[in-house]
Amino acid sequence: MNRWSSALPDDALVQRIGDRFGAGLQESSDFRGDLSVVLEPGALVEVANYLKSEEGFDYLLYATAVDWPAREPRFTVVWEVRSLANKTRIRIKTTAGMPDPHVPSLTSVWPAADWHERETWDLFGITFDGHPDLRRILMPQSWEGFPLRKDYVSFGEPVIFSDQKLEGLEPDAIRG
Amino acid sequence: MVKTDIAQEPIGPEHEPETEWMELNMGPHHPSTHGVLRVRLKLDGEIVRDADADIGYLHTGFEKSFEDKTYTQGITFSDRMDYLAPPINNVGFVSAVEKLIGVEVPPRAQAIRVIMMELARVASHELWLGTTGLDLGVYSGFFYAWRDRDLALDLNEAYSGVRMMTSFTRVGGVAWDLPDGWLDQLQRFIDVMPGRLDDFESMLTDNPIWHQRLEGVGVISAAEAIDAGVTGPVLRASGVNYDVRKAFPYCGYENYDFEVPVGTNGDCYDRYRMRVAEMRQSLRILQQAVDNLPSGPWITGDRKVALPPRSELSKSMEAVIHQFRLVSEGFKGPVGDVYAFVESPRGELGFYLVSDGTNKPYRMKVRPPSFCNLQALKKLVQGVLVADVIAIMGSLDFILGDCDR
């Protein structure tokens, strides 16, 4: 499956980031040809600037988050960028913890992150510090809660079987 | 500001009262929004000073729903996002799963996927031609475009039983082999379409009104386009030669001889030219796929991910067990995260899949090309006339189902 392999020696790139930013680079992985680096939130903007200006990662693909309720810190925030000239990709990750998850915004580096970070705020409730226009984008402005968090239940209707007693259950409680 | 004695006022442009900007709602049900989109325009007379696209009217929570369904069940969600190019979404979704679990797709299945994807590209661009023309006053073009698009939908129906929501892919291949006589029907489509495109182009390409409405309107430079994150024909019209099929070939696209049309001016007219040229290239790919269609299986023989053939069920206990396991709980993926991407008619469609080792995606993030292209609208419409906003929105070719998910 050579489609997924990268054109650049990825180890060298991770090495350069590590040499330059030291503890800012927490870990890196290469799974199925996808290179990921986990960065310390404080070093995020600096590394992003370096990746864009010196490594040629000019194109932001998306930004999103993953909710791991059992982990501490709880959220992994993900940006993926591509170098159109070198045909390489790198996934930048950082973490954000409860109760008020927030990470630096990368809109100053890649303007295309604007809507993606708004969407991540909208669906996960993660604040992006320095974002110019952080408000809901997919959900209505008046919406409460953050739908893509794991504790936000999408299908909450339990099925009551005939051997289960219904007494004491309010109709609303059945519906969940 | 109310002036009581107008006759006393000095006359001249420097003394004219400042105009106030008017806020105008375009949509959510404007015919040119192709879905449900509300754009708040700030107008200075006829000139647009600012725009804010209000999306989310078609948000259905597909990303959340993916988390509750097995990988095979998720296929039917994927084509309901971009409902004008469902086969391409099907392939994009399963290629993320295939990348995660590392399964090989047989050559025949890859060729069938290419055929279905290129048919979808032609159908989607045809629909775009028709509706964008309709927005700009080319009423007759709509009927021609719809007629030609129907030919592609007929082929969808003959293959998958459904005209739009094909759901024809399976992890490791496709669900069915091509039915008898289908390739002949496809050949008739390939033969008839170039003439139909010529007809269409004779109506538009050298039409002075079409030129006046589109040329020099909504210009975006290559650097701005990259900064704004647009892909697909919009990016290529600005002169950036980036097409996933060429840059990162998938499904055997490296074996087909085709060109990626690239524009120079980055205006609405170039985006129109890109799409027409792409349809012709798609027909080239289709012809090559028909001529060189490999024989052999259309789905992987790996029984851990693909159902055993019906005929084996009465003979083999193993097959029955595999069938039961696959239908009742599906298959599991390893822990990890992958990003797989394909070229949709609107640009790069990507799926970022996070797996925690169960039989369902832990997180499925879709990178919809419409969402990314629509982000550029704010920049494109500043300083243009209101009527040009229609042309620009049309030229971006966003599908709100894809954008909002």
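Modeller: Helices are DSSP runs of H or I with at least four residues, strands are runs of E with at least two, and both are numbered from the N terminus. Please note that the model is predicted.

Biologist: How many helices and strands does chain A have, and what pattern do they follow along the sequence?

Modeller: By that criterion, chain A has four helices and seven strands. Taken in sequence order, these elements give the pattern α-β-β-α-β-β-β-β-α-β-α.

Biologist: Which residue takes a positive phi in the hairpin of strand 1 of chain A and strand 2 of chain A?

Modeller: Strand 1 (residues 25-31) and strand 2 (residues 34-39) of chain A run antiparallel and are joined by six bridges. Within this pairing, A:Leu35 of strand 2 is the residue opposite A:Asp30. The hairpin has two residues between its strands, and the positive phi, near 55°, belongs to A:Arg32.

Biologist: Is helix 11 of chain B roughly parallel or antiparallel to helix 16 of chain B?

Modeller: In chain B, the axes of helix 11 (residues 268-291) and helix 16 (residues 386-396) come within 9 Å and cross at roughly 30°. Angles under 35 degrees count as roughly parallel. Therefore helix 11 of chain B is, relative to helix 16 of chain B, roughly parallel.

Biologist: Which residues make the contact, and how are they divided by class?

Modeller: Helix 11 of chain B contributes B:Cys268, B:Arg271 and B:Tyr272, while helix 16 of chain B contributes B:Ala391, B:Ile392 and B:Ser395. By class, the residues in this contact are four nonpolar, one polar and one charged.

Definitions and conventions:
Residues are numbered from 1 along each chain as its sequence is written. Chains are lettered from A and ligands numbered from 1 in the order in which they are written. This is a predicted model: local features need pLDDT of at least 70, side-chain atom pairs count only at pLDDT 80 or more; totals for chains, interfaces and linings use all residues. Two strands pair if DSSP finds at least two bridges between them. Axes are lines fitted to C-alpha atoms, for helices over the stretch in contact, and angles run from 0 to 180 degrees between N-to-C directions. Angles under 35 degrees count as roughly parallel, over 145 as roughly antiparallel, 65 to 115 as roughly perpendicular and the rest as oblique. Two residues are in contact if their C-beta atoms, placed from the backbone, lie within 7 Å. Ala, Val, Leu, Ile, Met, Phe, Trp, Tyr, Cys and Pro count as nonpolar, Asp, Glu, Lys and Arg as charged, and the others, Gly among them, as polar.
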